[in-house]
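Welcome! Have a look at the model first, then try each task before reading on.

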Amino acid sequence: KGLFRPGRSLQMLGFSSMTSSSGEESNPESSDSSDGFERQRKPVGLWAVAFMVYFNISGGPFGSEDVVGACGPLPGLIGCVVFLLCWAVPGSLVTAELSTAFPEDGGYSIWVAEAFGEFWGFMESYLSWGSGVVDNALYPVLAYRTAALIYDGAWDSPLPSDDDDLHLASWQGYLCKFALVLIFSMPNFLASFNFGRGLGVAFLFVVLPFVVFVVSTLIGSGGGTWSNVLQVRRGTSVSDLAELATTLYWNFSGFDCISTCAGEVSNPRRSIPRGLAMAVLFAALSYILPLSAAVAHGEPAWRQWEAGWWSRIALEQVGGWLATWVVFAAFVSNFGMYIAELFEDSWQLAGMANKGVVPRVFAWRHPTFDTPWVAIIFQVAIISALVAFDFVAILNITNCLSVASVLLEFAAFAKLRYSRPELKRPISVPVQSGLGIAAFLCAPVFLGLLTFASCFLGGGMVLPAINIAGLCAGPLLYVLMKRFAGSHYISTFEANAD
């Protein structure tokens, strides 16, 4: 009762408006210039926010098979609910508050810099941007493997685990992936205004086959055997639990992405909280409903499931026509996740260039399309190199960097509540006291630390060593940037004072 004001606990989910920092009801429809938001037309509206966050968090249930396969249906589905309520929802609330308090491109990097100073702002930029770029290199690879299945007509096969399974020479495989990188990147180069519409079409194509799957598999199995959901894998090891935690984090992270392009959002105090609520709800349903229905059906046995098995599951439970649709949807999902991630990372880099943390050239916008073309080209070049490698272990590395950056965001939220109580917060998480803030952050910080620790379990000594090296590279880059590029963070408060 001490954590939330009466009647406020469901505000972020859209049941009522949230409060401003002064405790007054905010009016999402208001366009009063006193809100501090420009009234000019901006490219990212409510639905664009929802679809971009959805594709950053989820992009469909693809890759969620390990949620069940790691430890069994019961721990996996309970884990989905726990990460939803204790990670995604609190993180979305923090994102809504700070994105509307700082409606600027750069997002969480600015929050951390304002809370803890230039060094930690740079570290946040490095951790989040680095994990995002490496993460984004996965999607052309997965799309390439999916396209290989389409070309071969192998609808009933899980995605191949490496290029050797595709019977292509390494240079041929790389050229295919490089071509996909260029094709996938074009929407970000050409326009921001049609971004949400394109992701909306992708959303429908990705979600509809699983709506059909849930209905068809339950009808075909006579309602299913729901006792299957209560099963647990015997002999579960610490490595299995670490895999489950890593997979759950992977499938429920990304809610903070919208902050990096907050300066491009139309009516932020309406679009950001509502879009976040919609995306988190869509993502949760995308995982829980198909996984539960597939487990209740019973075939193939959940103990066989691994990432890439949805086409096989659809084939055995419904039929080849749905397996074909699922494979095409997987390709579209990878496309959607790629352009959403590239959009986020490009505007983050541009925003930090505007703040003086990285070279100013990254803030240059195209004179016709108004897109941060230099930042996009820089990232496309890195991704084009990364797609040549095997990324199974990189998943662990990206999670390590990503969860460290989100923990910094939670810390910045708490610090700014203390150090900047006068900061105008058009959307405010309904907790006020220090004890209330500590209680609010307790669960997500615990899950974040648990996930961070799981990144150092399993994989022998190699993965922990790579993770430590990745974390230590940030301070070294900061020193080099200060010495040779003369970077200097321009505080939002200092800029406003000038």
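Buried means under 20% relative accessible area, exposed over 50%, and partly exposed in between (1.4 Å probe, protein chains only). This is a predicted model, where local features need pLDDT of at least 70 and side-chain atom pairs count only at pLDDT 80 or more, while totals for chains, interfaces and linings use all residues. Residues are numbered from 1 along each chain as its sequence is written, and side-chain values use heavy atoms, with hydrogens and water left out.

**Exercise 1.** Decide whether Glu422 is buried or exposed.

Solution. Take its relative accessible area, 54%. Glu422 is therefore exposed, because the cut-off is over 50%.

**Exercise 2.** Find the partner of Glu422 in a salt bridge (a side-chain nitrogen of Lys or Arg within 4 Å of a carboxyl oxygen of Asp or Glu) and classify that partner.

Solution. Step one: the side chain of Glu422 meets that of Arg420, at 3.5 Å from N to O. Step two: Arg420 has 27% relative accessibility, so Arg420 counts as partly exposed.

**Exercise 3.** Work out which residue pairs with Glu264, and whether Glu264 is buried or exposed.

Solution. Glu264 forms a salt bridge with Arg365, with the closest N and O atoms 3.1 Å apart. The two residues are 101 apart and link distant parts of the chain. Glu264 counts as buried because its relative accessibility is 7%; Arg365, at 33%, counts as partly exposed.

**Exercise 4.** Describe the bridge between Arg417 and Glu97.

Solution. Their side chains meet at 2.8 Å, N to O. The pair spans 320 residues, and both Arg417 and Glu97 are buried. Together with Arg425, they are linked in a network of salt bridges.

Terms used: Helix = DSSP H or I, 4+ residues; strand = E, 2+ residues; numbered from the N terminus.
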